[in-house]
Amino acid sequence: HEISMLDFFHPSVQTWFKQELGEPTRAQLEAWPAIARGEHTLLLAPTGSGKTLAAFLTAINRLMFERPSTEQRETSVTSLKKPGVSVLYISPLKALGVDVERNLQRPLVGIQHVADEAEVVYQTPTVATRSGDTDPSERRRIAKTPPDILITTPESLYLILTSKAREILCNVDTIIIDEIHSLVASKRGSHLFVSLERLEEL
């Protein structure tokens, strides 16, 4: 059963996971089929159950091994699409967002190392954080050269959506909302859900 779940991923991802983490957790096993089908997925599990990695690993797999290369994009119809953010991670806490960016480096660097050893072609996903603490020069850089993965807060998402920078969100195909239970019953949650409707319309 566990082997079939890891079969959702590229061999380099599987190798890294087995070497670094061993067997998938129950949360990951139950989440991956739904995530792989592109379904809206609510993952409820204790701290340390690998929820964040369960959400991110499918996106990392796609960004590294399933995207067309630059050369392929230049000769295809999809080259008409503007580059932009593919994965949007929303955290209610700025500090949590910083932790996630740091924790993302472990699978990204680890999978790259495995792929290099196997001489497998891959693309390295870019990551950036946009919060109220982000300085203006970094905000301009993100708007000019959007990352593949953008880590942000509900308030910063709103500010992006109400500025010219919203164009970088036109191609988002994965949204991960962490600690969603802390938002749903509050005005802050209502505000976020309005932003998500705006994003879907965009």
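**View 1. Strands β2 and β3 pair in the parallel sense.** In this predicted model, 4 bridges link β2 and β3. One of the residues involved is Val-127, whose bridge partner in β3 is Ile-149.

**View 2. Four strands form an open sheet.** The strand order is β2-β3-β1-β4, and the pairing is parallel. Because β2 (127-130) and β4 (174-177) stand at the edges with a single partner strand each, one side of each has no neighbour in the sheet. From one strand to the next, the twist averages 20 degrees.

**View 3. Helix α9 lies across β1 and β4.** This helix comprises residues 187-201. Relative to β4, helix α9 runs at about 175 degrees.

**View 4. The largest nonpolar core contains 28 residues.** Which residues touch the most other members of this core? They are Phe-56, Leu-57 and Ile-111. At least two core residues are supplied by each of α2 (11-20), α4 (51-65), β1 (87-90), α6 (94-117) and β3 (149-152). The largest share, 10 residues, comes from α4.

**View 5. Leu-57 is in contact with residues beyond its neighbours in sequence.** When neighbours within four places in sequence are left aside, the contacts of Leu-57 are Phe-9, Val-13, Trp-16, Phe-17, Trp-32 and Ile-111.

Definitions and conventions:
Residues numbered from 1 in each chain as written. Predicted model: local features only at pLDDT ≥ 70, side-chain atom pairs only at ≥ 80, totals over all residues. Heavy atoms only, no water. Core = buried A, V, L, I, M, F, W, Y, C linked by side-chain atoms within 4.5 Å. Buried < 20%, exposed > 50% of the residue type's maximum accessible area, 1.4 Å probe, protein only. Contact = heavy atoms within 4.5 Å. Pairing = 2+ DSSP bridges. Axes fitted to C-alpha atoms, helices over the stretch in contact; angles between N-to-C directions.
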